[in-house]
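Let's take a friendly walk through this fold together. Have the viewer ready, and follow along strand by strand.

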Amino acid sequence: MSTKIALISDSHSYIDHKTLQYIEEVDEIWHAGDIGELTVMNALPDGKTIRAVYGNIDDTNTQNLYPEWLEWEIEGVRFLMTHIGGKPPRYAKGVKSKIKESRPQVFICGHSHICKVEMDKELNCLYMNPGAIGQQGFHLMRTMLLFEINSGKIANLRVIELGRRGKLTE
């Protein structure tokens, strides 16, 4: 049996029906920060495990609900998530040492609005940034990641394009 995951980030107070349709199909929803208004989190479907961190735009209400860093394990796979992470090999200040200390198999961040999945061979860690589902920022395409954790491995990883930023979608 596998665990289906939707990884989103940088909603900036925006979530649309297209995003919610994809999220309906998963077991867990992970948000890598810059949530914006908590109405985004309230719009997520019931019955799902939610894991989230706050980002640099999030107010104290959001910061009181979600941590800056989150660590957890599913089927023997260790995860580490924060909002501002940089990217391999140039991580944000303090991130590389945190990865070395925590030794996750997967490091997740947001902030850049650029969807990127890359194996960091030096740290032996899969880097994941789902891009942005929101309308704010310089990104052209809104993106998210869907994947499964199956027998201790990441499987069926897909980048979902949600439509161009600033365009209404059906």
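Predicted model: local features only at pLDDT ≥ 70, side-chain atom pairs only at ≥ 80, totals over all residues.

Strand S11 covers residues 141-150; strands here are DSSP runs of E with at least two residues, numbered from the N terminus. Strand S1 (residues 2-8) runs antiparallel to S11, joined by six bridges, and two strands count as paired if DSSP finds at least two bridges between them. S11 also pairs with strand S12 (residues 153-164), again antiparallel, over nine bridges. There, methionine 144 stands opposite isoleucine 160. Two residues separate the strands in the hairpin of S11 and S12, and serine 151 takes a positive phi near 55° in this hairpin.

Eight of the ten residues of S11 are buried, so the strand is largely enclosed by the rest of the structure. Buried means under 20% relative accessible area, exposed over 50%, and partly exposed in between (1.4 Å probe, protein chains only).

Now to the loops. Glutamate 75, between strands S4 (69-74) and S5 (77-82), has a positive phi near 50° and is partly exposed at 35% relative accessible area. Histidine 113, between S8 (106-108) and S9 (115-120), has a positive phi near 65°, and is buried at 9%.

Terms used: Residues numbered from 1 in each chain as written. Heavy atoms only, no water. Helix = DSSP H or I, 4+ residues; strand = E, 2+ residues; numbered from the N terminus.
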